[in-house]
Every structure is written in C-alpha cells, then in structure tokens.
Amino acid sequence: MIFSSHTLIFGTNENYFFVYTQYLVIPFVGILSIILLAKSTKYNLLSILTALFLSTTVLITSLINKDYDIRYFVECCLMISSLLFVSAVDFKIFKKIYINVLYLLTVIGLIEWLIATFFPDFVLLFPSVINSAGNVFYCMGFVNIHSQSSRYYGLAREPAVAIIYLMIALLFLLEKKGFKILKSLVFSFAIIVSYSTTGIIALLCYWLGVLVYFRETKYSKLILFVMILGLGYLIFNTNILELTGPVFNKFLSSNDSLNSRIGSFLIGFYLFFSSPFFGNGWAKAMSIIEQMSSNTLTTHFTNTILYLFAWYGIFWGVFFTVGLFLLVYKKKCLAFTLGSYLIILIILSGSRLTYDFLLYILSWYGYKLFCKPELSAEENKIIIA
C-alpha cells in the first residue's frame, strides 16, 4: 500500500520521481516474492495456469494496441506474485493482520486529523506536497491534510480510495468470529469524516446489514441503539446527510464528481464492447476518453470494475468480478452474499484502482475460499475491542 499509486506520495505527487518509483518497486517486490515463494509454497496447478494465461492476455493487449508500457509488465508481476502470496498465507492470518494494521493506522491518522481540525496553524509545521492537480497537502505522518478541505484522506490520494480500504476491513470484521464493535466504529467514523458519497452509501448499507445479520441474537438491540445514536448525531449535529450537505449535494447539480461517475459508467461499456476480448490498453483507452470527454462528461475514469473490462478485456474483468464475489460468498446466507457484494461494487465505483496488490489478493482469496471453504463455525457475538 505504501508504494501504491493510490497514495498521495507515490500516486498523484507532482514530483514524478516518487510516481515512477512505484514502477520499479512493484516489479522488484513481485519478482523477489516469486523467487522466494515459488519453491517453498504449495500451489494449485490450475491457479498457476490461470495466472500465466491472464498475464499472457495482458501482453497480447500491449502488442495488439502497440502500447509498450511498463505498466503491463507490472500487472503481470502483481498477478503472479499475489497468487504466490495467497498460496503461502492463510486467509485468517491475512485478515487479522490487515484489520490490526489498518486499525492502528486509522487511529493514529484520526488523532492527527483531529489535531489538524482544531489547530489548523499547527499543520503548517509539516512538509507539504503538491499533487498533480495543484492541490497542497500537509503530510503529518499517518494522514494527509488538504490545505483547503477538512476531509479525512488517510494516506490515500483521495477519500474515495481511503474508504475502499476501510470498507474492506469492515467486511472482514463482519465475517470474523465475533463482531468487534469498537474497531467497526473507528473505521465507520473515518469513513464519515471522509465525506465520500460512495463511502457513506456503502456504510449505511453495511450497518443495515449488520442489524439484519445479528437480528436473532441478544445483541440486535445494542446494534440498533448504536445505529440510532449515530444517525441521530449525523442528522441533528451535522449536515452530512442533508440533501444540500457535502455528501449528497452532488446529486442535485452538475459537478465533476457526479460527472465522473456517470461518464465512467457510460464510456466503460463503450470501451469494453469496442474491444471485448483483449481490451483497449492504456494509451488507446485514455485517448478515447479524452476524445469523448465532451459527450461523456468526464476525463476521469473512476470505475474499477469497468476499468478492468475496458482496459484488459473480458478475461481480466471476469477474473476479478467473480473472485470478489466468491470472497464474500456464503452458501447458506444469500442475503449476506448479495449485500456484501453490493457494498464492494459501490466502493469500487468511486475510484479506479490500478495495479493494486490488495485487489489481486482479495480476488485470489475468493477462489481459494470457494475451492477450500474454511470449516470453522462463526459465532454471533459482540466483542467490545
């Protein structure tokens, strides 16, 4: 995540030295992991063949579109190294580490965000970074503070990216043996103060799902009380849920954020159907988006799922779409499966995740869990931790 294109430092930094660093670090780490894990890891032959096939299709995409960019090689490294990672690391261990690390980062980040909110002059003491759009950020260590906005960014380049990581953690908590309400509230608060529209919508769906999931337990009243308390605070003490507030006012008038979502949806399907098997590749896709920007309302493509179909074709799109579905699939709980998958689709519609290691890992874990489902029974209990 640190060297991801979705952070401010290595993703949208005006200083392209840091941006290009990721193109060296990601392949290096990928190749190193392949060398270290290939011999010692037990892996499924079909999975290896799938990874090689998908990597081949990406290279074909590059050749067909005559676009010889290092990013295609990066995708191949991520595809193979993520499979080896998933083969070597148990899903329970990964979930535990992911939740605890992100919880620590979020707690410290929120503390720094609160300090910046109440003592804005203090932020000026920290180093500043200018992103590609010319916006000034102050880096406090675990959170980036926009010079003209109070939104919570975390380490991400934009709030819509930050909420993806936070919502994944919330879904992991819902699947854990016992529901850790304190961690859930911390992640939820971070999403709320990000003022991300997709984040707030996904969060409302999540807590409604939590209520349904625990409806037949003695903790349902506690969860309902927490929800009412939280909604009451948002309604009576903030303007977050108002139609003219910072979250939903995007639906009332034309703006860049709404245009990006609508435009990405329209042009995503156009790009996919124009080249369904091997996609359009980077250069061609961006060129078409720029040419059609006046008609599709946007030059920013923000939908991750449609990006996979449009850039790399049906094979990559289906791999990630099905993998993420299998990640949340529960054979005996269709409502949980569909609700969780809906949340994933919502958060991935708000920002385009390119060569994101987490996305690869989650997809591979989906297939692994489906082929070898965990036999541990989940308990419906609340843990105040």
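## The whole chain first

Start with everything shown: among contacts between residues at least 6 apart in sequence, 72% join residues at least 24 apart, a contact being heavy atoms within 4.5 Å. This is a predicted model, where local features need pLDDT of at least 70 and side-chain atom pairs count only at pLDDT 80 or more, while totals for chains, interfaces and linings use all residues. Residues are numbered from 1 along each chain as its sequence is written, and side-chain values use heavy atoms, with hydrogens and water left out.

Switch to cartoon and you get 15 helices and five strands; these are DSSP runs numbered from the N terminus, helices being H or I with at least four residues and strands E with at least two. Now colour by burial: 51% of the 385 residues count as buried. Buried means under 20% relative accessible area, exposed over 50%, and partly exposed in between (1.4 Å probe, protein chains only).

## A greasy patch

Select Ile111, Leu114, Ile115, Phe118, Phe119, Phe122, Leu125 and Phe189: together they make a nonpolar surface patch with about 810 Å² of accessible area. The patch rule takes residues with over 30% relative accessible area and no salt bridge, joining nonpolar side chains (Val, Leu, Ile, Met, Phe, Trp, Tyr) within 5 Å and like charges within 9 Å. Which helix gives the most to the nonpolar patch? That's α4 (residues 91–118), with four residues. Phe189 sits in helix α7 (residues 181–193), and counts as partly exposed because its relative accessibility is 36%.

## Two salt bridges

Next, show charged side chains. The structure holds two salt bridges, each a side-chain nitrogen of Lys or Arg within 4 Å of a carboxyl oxygen of Asp or Glu. Select Asp69 and Arg71 for one of them, at 3.2 Å from N to O. Asp69 is partly exposed at 24%, whereas Arg71 counts as buried at 19%. Then pick Arg157 and Glu158, whose side chains meet at 3.3 Å, N to O. Here Arg157 is buried, with 17% relative accessibility, and Glu158 is partly exposed, with 25%.

## Cysteines

How many disulfides are there? The count comes to zero, taking a disulfide as a pair of cysteine sulfur atoms within 2.5 Å. Zoom in on Cys76: the closest cysteine sulfur is in Cys77, 6.9 Å away, so it is too far for a bond. Cys76 is buried, with a relative accessible area of 8%. Jump to Cys371 for a contrast: it counts as exposed, at 61%.

Select residues 314–327, which make up the 14 residues of helix α13; its end C-alpha atoms are 20 Å apart, in agreement with the 20 Å it should span at 1.5 Å a residue. The expected span is 1.5 Å times one less than the number of residues. Buried residues in α13 include Trp316, Phe319, Phe320, Leu324 and Leu327.

Last stop: Gly134, in the loop between β1 (128–130) and β2 (136–139). Gly134 is partly exposed, with a relative accessible area of 45%.

Key. Accessible areas come from the Shrake-Rupley method with a 1.4 Å probe; for residues, only the protein chains shown count as cover.
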